[in-house]
Amino acid sequence: MSNFLGGETPSHILPYKDIPEVDKSSIYLSDLSPRDKPWDNHRSNSDRVANHYRDDVIFAKYADKIDFCAQVLDFRLVPQEGEYKLKLDNARFCRVRHCPVCQWRRSRMWKAKAYKVLPSIVEAYPKYRWLFLTLTVRNCFISELRDTLQWMNQSWQRLIKRKKFPAVGWLRSTEVTRSKDNLAHPHFHCLLLVKPSYFSTGYMKQSDWSELWKSCLRVDYSPVIDIRSLKASSSPNDLVPEIIKYCVKESDLTVNREWFLELTQQMHKMRTIATGGVLKKYLKQLEQEPEDLIGKDENETKSEVDEGHLYFNWKYRDKRYKLKD
Ligand SMILES: [Zn+2]
């Protein structure tokens, strides 16, 4: 049993019936299942975010909700290759937008959905090509974020109606980062599907994209943009981590309370993922909050004999999930 507690952390765990031999009071989730280590980090950041909200006149209710988020994790023991793996079976989530745990789960579900669906688009449009476009504007004060995002959305609407805009379908996500001087840097990450002829007729280089975005924004400066085309042999799945990022990085959520509270105010009910053109029917589910944040496996048939469950409690002081006594 020594490999449970000291030395090398095992990647698989042993049957539950073996556990009483060791001191259960010192068994942590990340020891039993290293791949579940991110839980500790995210839940710990949720505590920090809840503390930002606490005692705030408007947002104190979010602190109460986050306090109860994922306090208990119920994992099922799944037999695999003669050993057991932990699979999350149940947990309660607060669904507060900027809760780090919920943001993490949400992004995982969206990514899983995209990974599943993109190959069927490739199948439907085998000769078409993919572009990855990043559109930015000048940094703004966090107090101006909402107006800035609305202006960017309107500019995007102008962009997709322009004759030069080459995409027949698109997926767009919004990211907001924080600069060192506490300004907000909102930008769009876009996946575009273009006809194969794009590279012979209508091809736009970086400066053309910048000109086009500039004219849609109706500004007098040249905005920073980035455009990359995916090799014909590559899968758009490779771009999923670039496109479906967190709307706000976890580190930016926790570092500065004033900035974060203003961000919450400014982002209230703003949608961050949008789809259009021929991609809409495949990907529009990404525009909604995922119903399932657990990650239930649709194809999974539950083993006839339930092999048992392990429950872990969040320990605020330890900043770790601990096996329930
Ligand atoms: Zn939550």
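**Strands, helices and a loop**

Modeller: This is a predicted model.

Biologist: How many bridges join strand 4 and strand 5, and in which sense do they pair?

Modeller: Strand 4 (residues 167–178) pairs with strand 5 over 11 bridges, in the antiparallel sense. The two strands form a hairpin with five residues between them. In the turn, asparagine 182 has a positive phi of about 70°.

Biologist: What does strand 3 do beside strand 5?

Modeller: Strand 3 (residues 129–136) also pairs with strand 5 in the antiparallel sense, over eight bridges. Tryptophan 130 has leucine 193 as its bridge partner in strand 5.

Biologist: Why is strand 5 described as largely enclosed?

Modeller: Nine of the 11 residues of strand 5 (residues 184–194) are buried, so the rest of the structure largely encloses this strand.

Biologist: At what angle do helix 6 and helix 7 pack?

Modeller: Helix 6 (residues 145–161) and helix 7 (residues 206–217) pack at about 125°, with their axes 8 Å apart. That angle makes helix 6 oblique to helix 7. Helix 6 contributes Ser155, Arg158 and Leu159 to the contact, and helix 7 contributes Leu212, Trp213, Cys216 and Leu217. Five of the contact residues are nonpolar, one is polar and one is charged.

Biologist: Where is valine 224, and why does valine 224 count as partly exposed?

Modeller: Valine 224 lies in the loop between helix 7 and strand 6 (225–229). Valine 224 counts as partly exposed because it has 14 C-beta neighbours inside 10 Å.

Note on methods: Residues are numbered from 1 along each chain as its sequence is written. This is a predicted model: local features need pLDDT of at least 70, side-chain atom pairs count only at pLDDT 80 or more; totals for chains, interfaces and linings use all residues. Axes are lines fitted to C-alpha atoms, for helices over the stretch in contact, and angles run from 0 to 180 degrees between N-to-C directions. Helices (H or I, at least four residues) and strands (E, at least two) are DSSP runs, numbered from the N terminus. Angles under 35 degrees count as roughly parallel, over 145 as roughly antiparallel, 65 to 115 as roughly perpendicular and the rest as oblique. Two residues are in contact if their C-beta atoms, placed from the backbone, lie within 7 Å. Ala, Val, Leu, Ile, Met, Phe, Trp, Tyr, Cys and Pro count as nonpolar, Asp, Glu, Lys and Arg as charged, and the others, Gly among them, as polar. A residue is buried if 20 or more other C-beta atoms lie within 10 Å of its own, exposed if 12 or fewer, and partly exposed in between; C-beta atoms are placed from the backbone. Two strands pair if DSSP finds at least two bridges between them.
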